[in-house]
Structure formats: structure tokens, C-alpha cells
Amino acid sequence: MPAFDPTLPESDPEIARLVAEENRLENDKIRLIASENYASRAVMEATGSVFTNKYSEGYPGKRYYEGQQVVDQVEELAVRRLKALFGAEHVNVQPYSGSPANLAVYFAFCNPGDTVMGLALPAGGHLTHGHTVSITGKYFKSVQYGVRKSDHRIDMDQVRDLARQSRPKLLWCGTTAYPRTLDFQAFRAIADEVGALLVADVAHLAGLICGGAHPSPVGIADVVTSTTHKTFRGPRGGMIFCKEKHAAAIDKAVFPGLQGGPHNHVTAAIAGAANEASRPEFKTYAKDVVENAQTLGAALTDAGFGVITGGTDNHLLLVDVTSKGTTGKQLAQALDRAGIVLNYNAVPFDPRKPFDPSGVRIGTPSVTTRGMGKDVMVRIADWINRVTQKPTDDASLARIAAEVKEVCAKYPAPGIRV
Ligand SMILES: *Cc1c(COP(=O)(O)O)cnc(C)c1O
């Protein structure tokens with residue numbers, strides 16, 4: 001008897017229906033979540049390929065299973081492309097995602113109880129940089145730096161003072177809700193002064209970096225970690241770049257330290273994303289992402305929103321909505337009903353609770369991938385403003401959702417099938 005091998009709609013109409021619904025949702029809405037994007041059809045095809053079947057614990061040429069004739073070529077190709085794209089001495093493409101990539105760095109260089117330093121979550125840092133609820137804050141002695149009260153920028157004087165006092169093993173620089181350029185050289189100087197390893201986490205910035213729209217920490221930091229699915233536009237995954245002298249420690253930490261078999265279908269898709277990111281069009285994309293964010297920031301400022309730091313150097317804005325008589329969560333929920341998807345977010349020194357903070361985070365990677373430009377950014381600011389004026393008026397929200405859908409129809413998104 002032949003093996004059971006139906007299509008998704010034949011085998012599981014419920015999931016097939018939900019896939020179709022998600023396609024429609026991602027097609028019809030303006031997606032402004034700063035960590036999201038649209039992966040191309042090519043990236044999706046590789047992710048859905050036969051490589052999901054293969055086990056290949058180890059690294060190319062040093063595997064614990066046979067049958068690696070093709071898989072080794074896939075991983076070597078991904079590594080070769082990423083090294084060229086980022087100018088790195090070494091890269092590991094096996095981390096399952098950004099958080100496991102970061103955990104591998106701790107495992108490579110630290111023992112439980114060692115001191116580590118990172119940007120606090122409420123100031124725009126990531127959970128995995130030593131937040132109390134994270135394993136990285138529980139198993140290590142975490143020292144957190146913040147942003148200045150006066151201008152909401154990272155306070156390098158505070159970073160230096162804290163580093164001198166606490167002598168961390170790892171100094172993390174990397175952000176998830178911070179609109180300004182990171183000064184990797186300044187972090188390097190502090191790490192050198194206190195004998196710390198400098199780790200840059202560019203999860204949000206990888207696409208901007210290889211597109212030339214943000215300075216690169218590669219060659220400055222000892223280790224650079226990233227996701228592959230944010231501005232980089234690849235499949236969900238992680239990667240770690242490092243200097244050659246740290247290559248063995250990083251590789252050993254990822255496998256066998258932390259993970260088993262790599263996700264080869266994802267590795268294939270990362271190779272595809274690296275190929276796309278090496279095209280000249282990707283440089284234009286990265287530049288447009290930043291220009292769109294700046295245009296949106298200026299329009300929101302004109303409309304009376306509290307744009308943190310007065311604007312942005314990258315792909316995201318952090319916006320205090322208090323002046324509009326609303327909260328981050330209320331606004332985010334009203335916007336969702338109006339066809340605009342973003343996330344509520346604490347602003348620096350937020351007097352409100354994290355579950356219903358004063359702000360929202362707004363990112364332009366997804367809308368820029370669809371080819372939306374400055375004219376649409378101005379309309380988005382207007383839609384957001386209109387939602388703050390009548391946040392509970394169903395008819396008004398539905399009217400805006402219809403306008404959003406009409407604009408979205410003019411900008412087909414890569415990878416979406418409706
Ligand atoms: C998104 C992000 C991560 C975590 O990535 P996951 O893939 O969600 O685990 C790590 N660091 C930073 C700075 C991020 O923005």
C-alpha cells in the first residue's frame with residue numbers, strides 16, 4: 001500500500017483554512033511590528049523543503065549520521081554566503097532562533113554565577129541580555145544599564161561606570177526597542193578597559209547592516225548574534241558570527257552544548273535569504289526602511305505624538321501616546337481593529353505598568369518589503385491619529401480598515417498567497 005500522502009487541504013482542512021486566513025490577514029493589514037517581515041516565496045519554498053527530513057548532528061564533514069552528501073553543501077553554502085555578506089571570519093548558522101543563539105554565547109564563555117551586563121528591557125534591551133525573568137538573569141549575575149533621562153539615549157558614561165564596578169565577563173550591546181544608532185566602538189573601548197568580551201546582538205538590525213544602512217559590529221565585537229527573520233527577511237532562525245579565535249568555543253556551545261540536529265530546511269532558507277540580501281536591490285530596501293521610519297516619525301510628531309528621541313536612525317519608532325489621551329495597549333487594540341497591527345511597548349522611565357504601558361513600537365520593515373513609500377507613511381500617521389480621536393467608534397475603525405485594505409491591495413506582499 002502506498003504511504004498516506006495527502007495535500008494539506010485534503011489531510012487537514014482546519015489548518016489549511018487557518019493558513020489561508022493568515023495569508024489574508026497579512027495581505028489586508030498594515031503590519032508595523034518592528035521584528036516582523038515578509039519572507040519571499042523562495043525562502044518559504046526552502047523552508048518547506050525535503051531538508052526538514054534530515055538529521056545531521058555535527059558540522060559539515062564531521063557529522064554523526066550518514067547521508068550528508070547534499071546537506072553538507074547546503075550548510076557550507078549558507079556559511080560561505082553569510083561570511084561574504086557580513087565580512088565575518090566565522091559563522092555558525094545552526095541556532096534555532098535568536099534566543100538560543102544568545103544562550104550559546106553564555107554557554108561558550110561563562111559559568112553559572114558569572115557577571116554579565118546588558119541593556120535593561122524597559123530601556124529597549126532584550127530578555128536574553130540578563131532580564132530577571134530570563135534564564136540569563138537567573139543563572140548569571142546580571143548588571144543592567146539604561147538610557148539617559150534627558151534624551152533617552154544609551155548612557156555610555158553609565159555603561160563605563162557599571163562595567164568598571166562589576167567587571168562583567170560579557171558585555172552585551174543590542175536592542176529590540178531603541179531607535180538610535182549603536183556606537184559599537186565605544187562599547188569596544190569599555191569592554192577592553194574591563195577585560196570583557198563584547199557581544200553585539202543585531203537581531204533587529206542584520207538586514208540594515210548588510211544593506212549598508214547601519215554600522216556593522218562585525219570585526220569590532222568578539223561575537224555577533226542575530227536572528228534571521230527580522231530585517232534580514234529570512235526564515236525563523238539564528239546565526240552567530242565571531243572571530244576565528246572564538247570559532248571552536250561557539251561551535252561547541254551550539255552543538256553539542258545546547259542543541260541537537262540543526263534545522264536543515266531553515267539553513268537552506270537562510271542561504272536563500274543571504275543570496276537575496278547580496279543583491280543591489282537589498283541596499284535600496286535597507287535605505288528605504290530607514291527613510292520610511294523617519295518620514296513616519298516626522299508625520300507622527302507633526303500630529304502631536306511623543307516620538308521618543310525625536311525620531312529614528314533605524315527601522316523603528318518608539319512613540320509615547322499619552323498626549324493623545326490613550327495608552328499603548330488601548331491604542332494597539334483599536335489599531336488592530338482598524339487594520340493596523342503593532343505592539344504596545346514601554347517607553348523609557350514609563351510610569352505605567354508593562355502590561356499597559358504608555359507607548360507603542362512602530363517598525364517599517366514589512367511595509368517597505370511591500371514597496372510602500374513615503375506617501376503611504378504619511379497616510380499611516382494620519383490613520384493612527386484618526387484612531388486616537390475615535391478609538392471606540394466601530395464605524396470609524398471599520399472605515400479606516402477599508403481604506404487600509406484598499407492601499408494594501410496596491411502593494412502585493414512577497415510570499416503571500418490569497
Ligand atoms: C528578537 C530578538 C531576539 C530573540 O529572537 P527569537 O528568535 O525571538 O528568540 C534576541 N535579541 C534581540 C535583540 C531581539 O530583538
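This is a predicted model: local features need pLDDT of at least 70, side-chain atom pairs count only at pLDDT 80 or more; totals for chains, interfaces and linings use all residues.
I then listed which residues of α4 are buried. They are V71, D72, V74, E75, A78, V79, L82, L85 and F86; the list includes the acidic residues D72 and E75.

I checked the length of α4 next. The helix covers residues 71–86, 16 residues in total. From its first C-alpha to its last I get 23 Å, close to the 22 Å expected at 1.5 Å a residue. Just after α4 I noted G87, which has a positive phi of about 65°.

I moved on to the sheet. Seven strands make up an open sheet with mixed pairing, and I read their order as β4-β10-β9-β8-β7-β5-β6. I found β4 and β6 (141–145) at the edges; each has a single partner strand, so one side of each lacks a neighbour in the sheet. On average, neighbouring strands of this sheet are turned by 20° against each other, direction ignored.

Strand β7 (residues 170–174) pairs with strand β8 (residues 197–201) in the parallel sense, over five bridges. For L171 I found L198 in β8 as the bridge partner.

Last, I looked at α8 (residues 184–194). This helix lies across β6, β7 and β8, and I note that α8 runs at about 170° to β7.

Conventions
Residues are numbered from 1 along each chain as its sequence is written. Side-chain values use heavy atoms; hydrogens and water are left out. Helices (H or I, at least four residues) and strands (E, at least two) are DSSP runs, numbered from the N terminus. The expected span of a helix is 1.5 Å times one less than its number of residues. Buried means under 20% relative accessible area, exposed over 50%, partly exposed in between (1.4 Å probe, protein chains only). Two strands pair if DSSP finds at least two bridges between them. Axes are lines fitted to C-alpha atoms, for helices over the stretch in contact, and angles run from 0 to 180 degrees between N-to-C directions. Contact means heavy atoms within 4.5 Å.
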